[in-house]
Amino acid sequence: MHRVILAGVVVTVCGAWFAVADDGVAKKGDAGQLPAFEPVMSTHSLMEEQGRHFENMLDLLRDKDAKNRFKRLNHEARALAEMANINGYHKGSREHDDYRGWAAQLKAEAIQFADLAKAHNVDDAKKLARQMSKTCKACHDKYAS
Ligand code: HEC
């Protein structure tokens, strides 16, 4: 009796798990045969997030006394880099080399910014932030007007 119930539970749990795996969630042993990555956020929502992370970075650059300043700068920059990474997979962006190029550039710059934050290098991080807003603008001028 117990065994039958247990088998039922195992089948149900596995069924749910495979349904999730089919939905594009990586599982152990999948290396090399992962389904193509599909963003679940609209470009619009993703941009709201990019805007939020970038604003947080600028606030932390200004605020010398912020608690855990460099740790948070590093986190915000990495999160922005991930957003830019995902943006390169959005349907529209796949069709445009220049769009993907700007997304890749922002990703690289945000990773570099995170490294500067780790090294507590505020001067270079400020310079890089100015360069990053040019990258935002370059893409916006063509695609967000
Ligand atoms: C590779 C292209 C690209 C880059 C790089 C880019 N954006 Fe965007 N951004 C867009 C597009 C496309 C839209 C319009 C999206 C929409 O509303 O459908 C947009 C819109 C926005 C919006 C407006 C969202 C709204 O409320 O309408 C914000 C805020 C934003 N981006 C922030 C940023 C910031 C900050 C950066 C740089 C750190 C950045 N973006 C870099 C493509 C880009």
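**View 1. Contacts across the protein chain.** Of the contacts in the protein chain with a separation of 6 or more, 57% join residues 24 or more positions apart; two residues are in contact if their C-beta atoms, placed from the backbone, lie within 7 Å. This is a predicted model, in which local features need pLDDT of at least 70 and side-chain atom pairs count only at pLDDT 80 or more, while totals for chains, interfaces and linings use all residues. Residue numbers start from 1 along each chain as its sequence is written. Buried residues make up 21% of the 145 residues here; a residue is buried if 20 or more other C-beta atoms lie within 10 Å of its own, exposed if 12 or fewer, and partly exposed in between, with C-beta atoms placed from the backbone.

**View 2. The helices of the protein chain.** Helices (H or I, at least four residues) and strands (E, at least two) are DSSP runs, numbered from the N terminus.

**View 3. The shell around the ligand.** Which residues come nearest to the ligand? Of the 19 residues around the ligand, they are M47, G51, C136, C139 and A144; a residue is near a molecule or strand if its C-beta atom, placed from the backbone, lies within 6 Å of it. Two or more residues of the shell are given by each of α2 (43-62), α5 (97-118) and α6 (122-143), and α2 has the largest share, seven residues. By class, the shell has 11 nonpolar, seven polar and one charged residues. Here Ala, Val, Leu, Ile, Met, Phe, Trp, Tyr, Cys and Pro count as nonpolar, Asp, Glu, Lys and Arg as charged, and the others, Gly among them, as polar.

**View 4. Two loop residues with positive phi.** N68 lies in the loop between α2 and α3 (69-87). Its phi is near 50 degrees, a positive value in a residue other than glycine. N68 counts as exposed because it has 10 C-beta neighbours inside 10 Å. Now look at the loop between α5 and α6, where H120 lies. H120 is not a glycine, yet its phi is positive, about 60 degrees. With 10 C-beta neighbours inside 10 Å, H120 counts as exposed.

**View 5. Confidence along the protein chain.** The mean pLDDT (the predictor's confidence in each residue, from 0 to 100) of the protein chain is 86, and 80% of its residues reach 70 or more. Confidence is highest in α3, at 98, and lowest in helix α1 (residues 2-22), at a mean of 48. Over residues 13-21, pLDDT stays under 50, and the model has two contacts beyond four places in sequence for them. Where pLDDT is low, the predicted coordinates should not be read in detail.
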